[in-house]
Amino acid sequence: MARKSDTLVVRNKFYIITNGEQTECNYFKLLKCKRSIYDVKILFENADPLGLVKYAQNFLDDANQVWCVFDIDETYKDGRLVPALKQAEESGIKIAYSNIAFEVWLISHFEKCKQTLQLKDYARELDRILKENGKGETYTKNDEKLLKTYFIPNYKKAMENAKIVYQNYVKEHNEKIRTNANQYGIGYQALPFTNWWRRLN
């Protein structure tokens, strides 16, 4: 009688779940084609950060890693951000976010994003950057060709810039008495920052 052998099941699926229906999904799909060694699944879910985390829990048993990706927007002020971070930590789900919006990450592909702007003004800032870098284009949020041509090739620079800004912000935060901060993160109401570099490492 043949001896029964144990089979090791290797989970090589990598789930990215975002509430950014077009720009974020397009970005990840383009980056996936460039560098992933995993079977990457990119899913859209129309939910706030806590809803994303709850949805993401459905995929934990099937994946090597599960990430939730979102913009902070107004979720900190509304009390919806910290519960999402807590539940993600307890569940083993990883988080990548931009404060306040995805455009902060896109700016990082060309320079360190340190200027606090109104949400609507980040698109104008990207217009300026594209013009100064001789691209001859204006930023359109859902333009996949724009992402592929001008941003994806610079993703390593974006990682470096975003990491520097984030770490400097954390250092500055830790040297002060923290108002508007908590154990799950730094203050979410001041400087623009993103931790997307963690997801792309």
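Here is a chat about a predicted model of one protein chain.

Colleague: OK, now β1. Is strand β1 largely enclosed or open?

Modeller: Strand β1 covers residues 13-18, and five of those six residues are buried, so the rest of the structure largely encloses it.

Colleague: Which strands does β1 pair with?

Modeller: One is β2, residues 39-44, which runs parallel to β1 and is joined to it by six bridges. Another is β3, residues 65-71, also paired with β1 in the parallel sense, over five bridges.

Colleague: Moving along, how is β3 joined to β4?

Modeller: By five bridges, and the two strands run parallel. If you want a pair to look at, Phe70 has Tyr97 in β4 as its bridge partner.

Colleague: What does the chain pass through on its way from β3 to β4?

Modeller: It goes through helix α3, residues 81-91, and that β-α-β crossover is right-handed.

Colleague: Is β4 mostly covered or exposed?

Modeller: Mostly covered. Strand β4 spans residues 94-99, and five of its six residues are buried.

Colleague: Changing topic: helix α6. Which residues are buried there?

Modeller: Helix α6 is residues 144-151, and its buried residues include Leu146, Leu147, Tyr150 and Phe151. They cover an arc of only 100° around the axis, which puts them on the same side of α6.

Colleague: Why would residues a few places apart point the same way?

Modeller: An α-helix has 3.6 residues a turn, so residues three or four places apart point the same way.

Colleague: What's on the other side of α6?

Modeller: Lys145 and Lys148, and both are exposed.

Colleague: What happens at the start of α6?

Modeller: Asp143 has a side-chain oxygen that reaches to within 3.1 Å of the backbone nitrogen of Lys145.

Colleague: Last one, back to the whole chain. What share of the residues counts as buried?

Modeller: Of the 201 residues, 44%. The accessible surface comes to about 11400 Å², with 45% of that belonging to carbon and sulfur atoms. As for contacts between residues at least 6 apart in sequence, 72% join residues at least 24 apart.

Terms used: Residues are numbered from 1 along each chain as its sequence is written. This is a predicted model: local features need pLDDT of at least 70, side-chain atom pairs count only at pLDDT 80 or more; totals for chains, interfaces and linings use all residues. Side-chain values use heavy atoms; hydrogens and water are left out. Buried means under 20% relative accessible area, exposed over 50%, partly exposed in between (1.4 Å probe, protein chains only). Helices (H or I, at least four residues) and strands (E, at least two) are DSSP runs, numbered from the N terminus. Two strands pair if DSSP finds at least two bridges between them. The arc is that of the directions from the helix axis to the C-beta atoms. A polar contact is a pair of N or O atoms within 3.5 Å; within protein, one must be able to donate a hydrogen and the other to accept it, and residues adjacent in sequence count only if both atoms are side-chain atoms. Contact means heavy atoms within 4.5 Å. Accessible areas come from the Shrake-Rupley method with a 1.4 Å probe; for residues, only the protein chains shown count as cover. A crossover is right-handed if, with the strands pointing away from the viewer, the path from the first strand over the helix to the second runs clockwise.
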